[in-house]
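Welcome! Take a moment to look over the chain below, and then let us walk through it piece by piece.

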Amino acid sequence: MVVPFECAAALSRRLARLGRSPSGWREVLVVLSRELRAAEEAKLLGNGRRRDKNGAGIRGRGASGAASPPPLQLQPLAPPPPPLLRPDVMLFNIAMSTCKQAASWEVCLALLWQMRPRWGVSPTAVSFNVVIGACAAASAWVNGLAVLASMQTARIEPDIVSYGAAVGGCEKMGLWDLALSLLFDLPRRHVRPDLTTTNAALSACSRAGKWEYSLALLADACREPTLHPDVATFGAAISGCDRAAMWGHAVDLLAEMGKLSIRRNRTSFNAAGSACARAKEWRMCLQLLHDARSARVLPDAVTFNVSIASCIDQRASWQAAIQLLHESRLAGCDSSLTTYNHTLTACVPAWQWQRALTLLAQTSRLELSPDLISFNTTIAACERAWEWKCAVGLLAELRSHGLRPDSFGLASATSACGKASQWAEGLALFGAMERCDAAPTLESVTAAIRSACAGSQWLLGLELLGKLGTFGLRPDAIALCAAVQCAARAERWSQSISLLANLRGHSVGIQPASSPLADAFLEAAVSCQAA
């Protein structure tokens, strides 16, 4: 037999104790449902006893209306009825708070909707706030907003906690416009915004790439006397600038933090450095690394990855990338494969193919298991330097690592063979690309056409030009120049003139005398003169 508690306060204390354990929310629901069911049964039992008592009184009267005396017999005393449990709002709030911690937002919602119609307990603002927070934590933003709207029906004014939970849910779901709408609704409700709600709305805008709104919210927060922007506020704004590659704003915000005596952390420096890396501002990125060390902020692996990534596509910055890789080792940061891949990419535009080979060998020694990006980047470095043997050898090494070459690696190796006049190897690689169902690129087809021209396979070169449409590609000026040379050497003067006419649609500009365009015109002129 279930013995109800003497009062709801005792049950509330017990539920609070159960809710402290990780799995306590299940016990809270079991105890709560059991006690509420016992209260209902006791209530029904009390109503039944009253009906029986009234019925016995009517049947006990005689014909004259006088009550008959009770029989003189001894009966055992019945135990007193247990006190009825009267649940209060604290009891439900504790139960819903426990379910919120267990991410059981559906149970929280069900308890809230049952409070008034079933138990006659009026929910308070705390009750609604708990449920809104549970829905926001579980990304059930539709239900959270419905609960927020129902507060007006219950004639309960939402407070800053209500709006803060709703804005936090919108932040998690990326609903930046809805977060702004809720934030701008605060003055109309005579609710003063706090820093947590402002940071949530600012972060929602930053994640959605709306960096202008992020900066506007930051400016409003700085003007508000009751708000004091912290490192989270500036960090969210800098992250928004990072996603939009607005490196100038990111650097200015980082400097503003120093002026306001807000301690800059590693996350803020990394976000500003990432913005500089996206904009290829490698010098500013290195300056931020120096500033972080001056501010006694120790760089981590992310800091070095961002700094090395800023050196990509900059011919003069490959040495800085190598130096940063060396510094990351001295700092005790675990160099990941991403760090090495960024360093390899920085070596490509500087023709540092030997450095790239050395870095690729280091990844194997460090048991980092180079991936397809590592090999493709190294092959591209060899292609820049016309090192076709290394490029072809890397394709074989790639297969030994259990990897399958893709169109990028095969195109780079084909181009390396074409530049080195190794037309047989280039055409063989292009054929391998077609056999392995790798999508040819325009560079690979152009390299194959040049290889065919160098190997006196002129008709094959023209055939490859005709296949560009089947690959979904359009010829550029370089491909047309190579095809003009093939047509001229194959003594197809009419086709060479037709290809030269197609060059009018390309912006070729003024070319030097030794350019492929000048060679193509010369080949076409000789062909026409011979005809």
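## An enclosed helix

In this predicted model, helix α15 (residues 301-309) is largely enclosed by the rest of the structure, because seven of its nine residues are buried. Those buried residues are Thr 303, Phe 304, Asn 305, Val 306, Ser 307, Ile 308 and Ala 309.

Which helices do the buried residues of α15 pack against? Their partners are α13 (266-278), α14 (282-294), α16 (318-330) and α17.

## Two loops with a positive phi

Let us stay in this part of the chain and look at the loops. Most residues other than glycine have a negative phi. Lys 280, a residue other than glycine, has a positive phi, near 60 degrees. Lys 280 sits in the loop between α13 and α14, and it counts as partly exposed because its relative accessibility is 32%.

The next loop, between α14 and α15, holds Arg 296. The phi of Arg 296 is also positive and near 60 degrees, again in a residue other than glycine. Is Arg 296 buried or exposed? With a relative accessibility of 74%, Arg 296 counts as exposed.

## Helices α17 and α18 side by side

Now follow the chain on to helix α17 (residues 337-347) and helix α18 (residues 353-365), whose axes come within 9 Å and cross at roughly 170 degrees. Angles over 145 degrees count as roughly antiparallel, so α17 and α18 are roughly antiparallel to each other. On the α17 side, the contact is made by Leu 337, Tyr 340, Thr 343, Leu 344 and Cys 347. On the α18 side, Arg 355, Ala 356, Leu 359, Leu 360, Gln 362 and Thr 363 take part. Sorted by class, this contact has seven nonpolar, three polar and one charged residues.

Thr 363 has a relative accessible area of 0%, so it is buried. Leaving aside neighbours within four places in sequence, Thr 363 is in contact with Leu 337 and Tyr 340, and also with Leu 368, Ser 369 and Pro 370.

## A helix earlier in the chain

Helix α3 (residues 89-101) has 13 residues. From its first C-alpha to its last, α3 reaches 18 Å, close to the 18 Å expected at 1.5 Å a residue. Which residues of α3 are buried? They are Leu 91, Phe 92, Asn 93, Ile 94, Ala 95, Met 96, Thr 98 and Cys 99.

After α3 comes Ala 103, which has a positive phi, near 60 degrees.

## One aromatic pair

How many aromatic pairs are there? The count comes to one. The pair is formed by Trp 176 and Tyr 213, which are 5.4 Å apart centre to centre with 40 degrees between their planes, a tilted arrangement. The pair links distant parts of the chain: Trp 176 belongs to helix α8 (residues 176-184) and Tyr 213 to helix α10 (residues 211-223), 37 residues apart. Tyr 213 counts as partly exposed, because its relative accessibility is 41%.

## Two residues and their surroundings

Val 231 lies in helix α11 (residues 231-243). Its relative accessible area is 29%, so Val 231 is partly exposed. Beyond its neighbours within four places in sequence, Val 231 is in contact with Met 257, Ile 262, Arg 263 and Asn 265. Val 231 and Thr 267 are 36 residues apart in sequence, with 9.5 Å between their C-alpha atoms.

Gly 461, in helix α24 (residues 458-466), has a relative accessibility of 0% and therefore counts as buried. Not counting residues up to four places away in sequence, Gly 461 touches Ile 449, Ala 452 and Cys 486. The C-alpha atoms of Gly 461 and Ala 487 are 8.5 Å apart, while 26 residues separate the two along the chain.

## The chain as a whole

Stepping back, the chain has 27 helices and zero strands. Of its 531 residues, 44% are buried. Among contacts between residues at least 6 apart in sequence, 64% join residues at least 24 apart.

Definitions and conventions:
Residues numbered from 1 in each chain as written. Predicted model: local features only at pLDDT ≥ 70, side-chain atom pairs only at ≥ 80, totals over all residues. Heavy atoms only, no water. Helix = DSSP H or I, 4+ residues; strand = E, 2+ residues; numbered from the N terminus. Expected span 1.5 Å × (residues − 1). Buried < 20%, exposed > 50% of the residue type's maximum accessible area, 1.4 Å probe, protein only. Phe/Tyr/Trp six-rings, centres within 6.5 Å; stacked < 30°, edge-to-face > 60°. Axes fitted to C-alpha atoms, helices over the stretch in contact; angles between N-to-C directions. Parallel < 35°, antiparallel > 145°, perpendicular 65-115°, else oblique. Contact = heavy atoms within 4.5 Å. Nonpolar A, V, L, I, M, F, W, Y, C, P; charged D, E, K, R; others polar.
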